[in-house]
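Hi everyone, thanks for coming. I'd like to walk you through one protein chain today, so please have a look at it while I talk.

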Amino acid sequence: LDKDERVIFIGHHPPGISLFYLYEDGEAIGQWQPLLLERFLNITSSYHQRITANFFGHCHSNVLNFAADQMVTISSPSVLPVYGGQPSYQLALLDKKDKSLTDIITFNTWLDYYARQDI
């Protein structure tokens, strides 16, 4: 990376435990294989000052995860109305100068509200 470059990680499954299947034989189930998780954490730990954001999906809900070394992962809501969620999407705003994340705006469809209306 050049001196002023920053990166954004985008993935499907976020690191950490599964939100859908929390335990198997009394143990928390990880989303990633241990070796891959270790590699990801080593990279994000080493370069956390150069990482603008870590965006993931899969959870079908708005989730912020905080980990060691100032790493935050953001799981965006789904565009599909499964698991009781509303179709949604997010817009991430970046600072023009330093490319830092300044805001995340979530847009919801609120289908359940409109389904209850007598239109």
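Let's start with some rings: Phe9, Phe40 and Phe56 are linked into a cluster by ring pairs. Rings of Phe, Tyr and Trp (its six-membered ring) pair when their centres lie within 6.5 Å, and planes under 30 degrees apart count as stacked, over 60 as edge-to-face and the rest as tilted.

Before I go on, a word on what you're looking at. This is a predicted model, where local features need pLDDT of at least 70 and side-chain atom pairs count only at pLDDT 80 or more, while totals for chains, interfaces and linings use all residues. Residues are numbered from 1 along each chain as its sequence is written, and side-chain values use heavy atoms, with hydrogens and water left out.

Okay, the overall layout. Reading from the N terminus, the order is β-β-β-α-β-β-β-β-β-α. Of the 119 residues in the chain, 20% are buried. Buried means under 20% relative accessible area, exposed means over 50%, and partly exposed is in between (1.4 Å probe, protein chains only). Also, among contacts with a separation of 6 or more, 42% come from residues 24 or more positions apart, where a contact means heavy atoms within 4.5 Å.

Back to the rings. How many aromatic pairs does the structure hold? There are three aromatic pairs. One of them is Phe9 with Phe40, which is edge-to-face: 5.3 Å centre to centre, with 75° between the planes. That pair links distant parts of the chain, since Phe9 is in strand E1 (residues 7–10) and Phe40 is in helix H1 (residues 34–46), 31 residues apart. Is Phe40 buried or exposed? Phe40 has a relative accessible area of 8%, so it counts as buried. Phe9, at 25%, is partly exposed.

Now another pair, Tyr89 and Phe107: the ring centres are 5.0 Å apart and the planes sit at 20°, so this one is stacked. Here too, distant parts of the chain are linked, with Tyr89 in strand E7, Phe107 in strand E8, and 18 residues from one to the other. Phe107 is partly exposed because its relative accessible area is 34%.

E7 and strand E8 (residues 101–108) run antiparallel and are joined by seven bridges; strands pair if DSSP finds at least two bridges between them. For example, Leu93 has Asp103 in E8 as its bridge partner. The hairpin of E7 and E8 has six residues between the strands. Most residues other than glycine have a negative phi. Yet Lys99, which is not a glycine, has a positive phi of about 60°. Lys99 sits in the loop between E7 and E8, and with 40% relative accessibility it counts as partly exposed.

Next, the surface. Val79, Leu80, Val82, Tyr83, Tyr89, Leu91, Leu93 and Phe107 form a nonpolar patch there, with about 780 Å² of accessible area together. Patches are made of residues with over 30% relative accessible area and no salt bridge, joining like charges within 9 Å and nonpolar side chains (Val, Leu, Ile, Met, Phe, Trp, Tyr) within 5 Å. A salt bridge, by the way, is a side-chain nitrogen of Lys or Arg within 4 Å of a carboxyl oxygen of Asp or Glu. Which strand gives the most to the patch? Strand E7 (residues 88–94) does, with three residues.

Val79 is in the loop between strand E6 (72–75) and E7, and it counts as exposed because its relative accessibility is 60%. Ser78 is found in the loop between E6 and E7 as well, but Ser78 is buried, at 12%. Leaving out residues up to four places away in sequence, Ser78 touches His60, Ser61, Gln86, Pro87 and Ser88.

Thr73 lies in E6 and is buried, with a relative accessible area of 2%. Thr73 and Phe9 are 64 residues apart along the chain, with their C-alpha atoms separated by 9.1 Å. Asn54, in strand E4 (residues 51–56), is also buried, with a relative accessible area of 2%. Asn54 is 21 residues from Ser75 in sequence, and 8.5 Å from Ser75 in space, C-alpha to C-alpha.

How values were computed:
Areas by Shrake-Rupley, 256 points an atom, 1.4 Å probe, with all protein chains shown as cover. Helix = DSSP H or I, 4+ residues; strand = E, 2+ residues; numbered from the N terminus.
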